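Here is a short note to read with the model open beside you. Take the points in order, and find each residue as you go.

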Amino acid sequence: MMKKRVIRFLTPSPLGHPGLIVFSDSEKAEALADSLASQFRPVSDPSVPAFIEMVDVALRSYFLTPVSEPKLTNPDEVQEATRGLKVNKAPGPNGIPNRALKRVLQRAVPFLVLLLTHHFPSVWKHARVISIFKPGKDPALPSSYRPISLLDTIGKLFENILLARILHVVSERGIMRDEQFGFRPRHSTSLQLARLVERITRNFGEKRLKGAVFLDVAKAFDTVWIDGLLYKLTLLNFPSYIVHTISSYLRGRTFELTFQTVTSSRRGMRAGVDRSPLSSSVCMSTTCPHPRTTSS
């Protein structure tokens, strides 16, 4: 007696999208890209139009003034920045892995030109985003997928050079509070936790109370007001070549999202910053500055 063979056809799980439900991988890639692009939205507050206009006028005037001459890069600086590249990271859109970049003879000439022109190339501002499903979540919701951005490794090398210069300015001028540990060299999470435990233990021994406030800001990086961020850098008197370069770095960023084997069309980022150490350090420098003291 012959056994019947049952063939089961797997029905692709649907994905919810505003106004419709999509099934194919190409439709899902576009839907997830739309969802991600909608998160990079400028925060609009109609109650402060005068302040927004003031920032706009101030920045237009600032970017018309002569730019300070940057300190030129050198092979040692490029070599130091290369050491910070992790070899196990996936390559960006150009496909060049960090391991290959580390083996190439370091030359500072391209970065000399970039610093002198205060320009961050558009190709380095384009991200290839991979969508990773979060275990235990509803596959029909776009929020159940974690976006992982992959950027060109050469662009990351330039970011490391610029980051080192920003941190030097922050340290030299005492801009950031000593209690700020995030995205700072020799300030790890473990040290901050040890500091917190030591304070709690000491107060407990002295029979004193210790209060703590934990704040989690939703979409903090995705909704950063770029003009406001640049305006704060000017108020903190950052070298103008750094402000111009950061402006070029933050504006005009784009991404494409890959779902399974399908890639979406290109999307732009209307606001927000990426979560790189460079962007994070800039945000922390401007949102958590050291309080200024004046003598009466």
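1. Is His-118 buried or exposed? His-118 counts as buried, because its relative accessibility is 16% and the cut-off for buried is under 20%. Now place the residue. His-118 sits in the loop between α5 (109-117) and β3. Look at its backbone too. Phi of His-118 is near 55°, a positive value in a residue other than glycine. Keep in mind that this is a predicted model.

2. Step back for the overall picture. The protein chain has ten helices and seven strands. It holds 296 residues, and 36% of them count as buried. Next, consider contacts between residues at least 6 apart in sequence: 72% of these join residues at least 24 apart.

3. Lys-207 belongs to the loop between α7 and α8 (226-235). Is Lys-207 buried or exposed? Lys-207 counts as exposed, because its relative accessibility is 79% and exposed means over 50%.

4. Stay in this part of the chain for Asn-203. This residue is part of helix α7, which covers residues 189-205. Asn-203 has a relative accessible area of 8%, so it is buried. Which residues does Asn-203 touch, once those up to four places away in sequence are set aside? They are Arg-208, Leu-209 and Lys-210.

5. Turn to Leu-59 in helix α2 (residues 49-62). Leu-59 counts as buried, because its relative accessibility is 5%. Leaving out neighbours within four places in sequence, Leu-59 contacts Asp-227, Leu-230, Tyr-231 and Thr-234. Take Asp-227 as the example. Leu-59 and Asp-227 are 168 residues apart in sequence, yet their C-alpha atoms are 7.6 Å apart in space.

6. Helix α3 spans residues 75-83 and helix α6 spans residues 153-173; their axes come within 9 Å and cross at roughly 110°. Why is α3 called roughly perpendicular to α6? The crossing angle is roughly 110°, and angles from 65 to 115 degrees count as roughly perpendicular, so α3 is roughly perpendicular to α6. On the α3 side, the contact uses Glu-77, Val-78, Ala-81 and Thr-82. On the α6 side, it uses Leu-157, Asn-160, Ile-161 and Arg-165. The residues of this contact divide into four nonpolar, two polar and two charged.

7. Follow α6 from end to end. This helix has 21 residues. From its first C-alpha to its last it reaches 30 Å, close to the 30 Å expected at 1.5 Å a residue. What comes just after α6? Gly-174 does, with a positive phi of about 60°.

8. Finish with the strands. Strand β3 (residues 126-133) pairs with strand β5 (residues 254-259) in the parallel sense, over five bridges. In this pairing, His-126 stands opposite Thr-254 in β5. How many bridges join β3 to strand β4 (residues 145-150)? Six bridges join them, and these two strands run antiparallel. Here Val-129 stands opposite Ser-149 in β4. Trace β3 on the model: its pairing with β5 is parallel, whereas its pairing with β4 is antiparallel.

Note on methods:
Residues numbered from 1 in each chain as written. Predicted model: local features only at pLDDT ≥ 70, side-chain atom pairs only at ≥ 80, totals over all residues. Heavy atoms only, no water. Axes fitted to C-alpha atoms, helices over the stretch in contact; angles between N-to-C directions. Helix = DSSP H or I, 4+ residues; strand = E, 2+ residues; numbered from the N terminus. Parallel < 35°, antiparallel > 145°, perpendicular 65-115°, else oblique. Contact = heavy atoms within 4.5 Å. Nonpolar A, V, L, I, M, F, W, Y, C, P; charged D, E, K, R; others polar. Expected span 1.5 Å × (residues − 1). Buried < 20%, exposed > 50% of the residue type's maximum accessible area, 1.4 Å probe, protein only. Pairing = 2+ DSSP bridges.
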